[in-house]
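Subject: Handing over the structure

Dear colleague,

I am passing on to you the structure that we spoke about, together with some notes on what turned up in it. Please look through the sequence and the model before you read on.

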Amino acid sequence: EFNGTLANQTLQINAQTNISGSLTVNGSPVGSKDYGSFQYSTNQNAPTTATADVEFDTTIISSGITLSGTTDFIVTKAGKYKIDFDCSPTGNIGRTLYFWVAINGVDVSYTARKINTTYGLTNTSMSWIVNCNPNDAIKVVMNCSNSSVVLSSFTAPGGITGGTTVNITEI
């Protein structure tokens, strides 16, 4: 039985052991999953026939995933992560937008999604699952067929804000 704290030492367990209470490794509770929810609080112009990273400026809630700058989400642990992305493009009818995921600046195969705008607002949601290593930088990338498309922010009744949002969860 171990009751105490080991600082800069190694604890070796050589048999099946029942742990009561909590076990923390490298500052994180064992079994905890990292997560983060992030939003962009104003309108964001889509690029014209070029790619651009989707930007975010607000951390809603986060544990183990941080927003670096306005485009990169840094994960602290290796594992699988689910990315849920929501945006509200507005603009002329018939515009095509593409979204995909990049990790450490490298586009991830099979993550491309295509949407076509309708007149007015097109609510769009998409999800991806990706493998990451510690300190990997995840980003959402976009491309548009016309510069008149905007990823819109809005205020719902009661002053509740909305807009381009990403939720990243370790699974």
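Predicted model: local features only at pLDDT ≥ 70, side-chain atom pairs only at ≥ 80, totals over all residues.

I begin with the charged side chains, where the count comes to five salt bridges. In one of them the side chains of D53 and K139 meet at 3.0 Å, N to O; since D53 lies in strand β5 (residues 51-53) and K139 in strand β16 (residues 137-144), the pair ties together parts that are 86 residues apart in sequence. D53 is partly exposed, with a relative accessible area of 28%, whereas K139, at 14%, counts as buried because the cut-off for that word is under 20%.

Another salt bridge joins K77 to E170, with the closest N and O atoms 3.1 Å apart, and it links distant parts of the chain, K77 being in the loop between β8 and β9 and E170 in strand β20, 93 residues apart. Here K77 is partly exposed at 21% relative accessible area, while E170, at 10%, counts as buried. Both residues also belong, with D34, to a network of salt bridges. K82, which is partly exposed at 32% relative accessibility, forms a salt bridge with D84, and in that pair the closest N and O atoms are 3.8 Å apart.

Turning to the aromatic rings, a search of the whole structure finds four pairs. The rings of F85 and F99 have their centres 5.2 Å apart and their planes at 50 degrees, so this pair is tilted. Because F85 lies in strand β9 (residues 79-87) and F99 in strand β11 (residues 96-103), the pair ties together parts that are 14 residues apart in sequence, and both of these residues are buried. F38, F56 and F73 form one aromatic cluster.

F38, F56 and F85 are also among the residues in contact with T164, which sits in the loop between β19 (160-162) and β20 (165-170) and, at 1% relative accessibility, counts as buried.

Three residues lie between the two strands, and G69 takes a positive phi near 70 degrees.

Lastly, on the surface, I19, L23 and V30 form a nonpolar patch with about 270 Å² of accessible area together; of these, I19 is found in the segment before β1 (24-25).

How values were computed: Residues numbered from 1 in each chain as written. Heavy atoms only, no water. Phe/Tyr/Trp six-rings, centres within 6.5 Å; stacked < 30°, edge-to-face > 60°. Helix = DSSP H or I, 4+ residues; strand = E, 2+ residues; numbered from the N terminus. Buried < 20%, exposed > 50% of the residue type's maximum accessible area, 1.4 Å probe, protein only. Pairing = 2+ DSSP bridges. Contact = heavy atoms within 4.5 Å. Patch = residues over 30% accessible without salt bridge, like charges linked within 9 Å, V, L, I, M, F, W, Y side chains within 5 Å. Areas by Shrake-Rupley, 256 points an atom, 1.4 Å probe, with all protein chains shown as cover. Salt bridge = Lys/Arg side-chain N within 4 Å of Asp/Glu carboxyl O. Lists of a residue's contacts leave out its neighbours within four places in sequence.
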